[in-house]
Amino acid sequence: MPAADPSHPAADRLDLVDVLAALGHPVRLEIVRRLASGEEACCGEVVPDLPRSSVTHHLRTLRESGVIRRRPQGRRLYLALRRDDLELRFPGLLELVLACRSRPLDSECDEQPL
């Protein structure tokens, strides 16, 4: 008998610390960027080539924090970004995170005190 699909947190139960922690890892951030179109995608299309245990860990972290929703169908696992729920709970956060790219500090940033 297949295991029950784990629940996803309700939008009003999303926690900013959990969401930021999930988005703070480069692999999970890349998964979110690949899901940014809003369309559901098969797991193999969005998950980087990693060991299965790492993939499981990253997807569980994203799901439990409320960043993604997963839907099993047969032998496939479909993933979707919970864009509407994140926008409702934390307006503008997802757009800000998706707009940021890892890059060296600009000269302007070097001049400003911490």
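Predicted model: local features only at pLDDT ≥ 70, side-chain atom pairs only at ≥ 80, totals over all residues.

Modeller: D15 caps the N-terminal end of helix 1, with a side-chain oxygen 3.3 Å from the backbone nitrogen of V17. Such a polar contact is a pair of N or O atoms within 3.5 Å; within protein, one must be able to donate a hydrogen and the other to accept it, and residues adjacent in sequence count only if both atoms are side-chain atoms. Residues are numbered from 1 along each chain as its sequence is written, and side-chain values use heavy atoms, leaving out hydrogens and water.

Helix 1 spans residues 16-23, and its buried residues (under 20% relative accessible area, 1.4 Å probe, protein chains only) are V19, A22 and L23. Seen down the axis of helix 1, these residues fall within an arc of 95 degrees and therefore line one face of the helix; the arc is that of the directions from the helix axis to the C-beta atoms. Their cover includes helix 2 (26-34), helix 4, helix 5 (83-89) and helix 6 (93-99). Helices are DSSP runs of H or I with at least four residues, numbered from the N terminus.

As to confidence, the protein averages a pLDDT of 84, and 83% of the residues score at least 70. Over residues 1-5 the pLDDT is below 50, and this stretch has two contacts (heavy atoms within 4.5 Å) beyond near neighbours in sequence.

Methods
Buried < 20%, exposed > 50% of the residue type's maximum accessible area, 1.4 Å probe, protein only. Helix = DSSP H or I, 4+ residues; strand = E, 2+ residues; numbered from the N terminus. pLDDT = per-residue confidence, 0-100.
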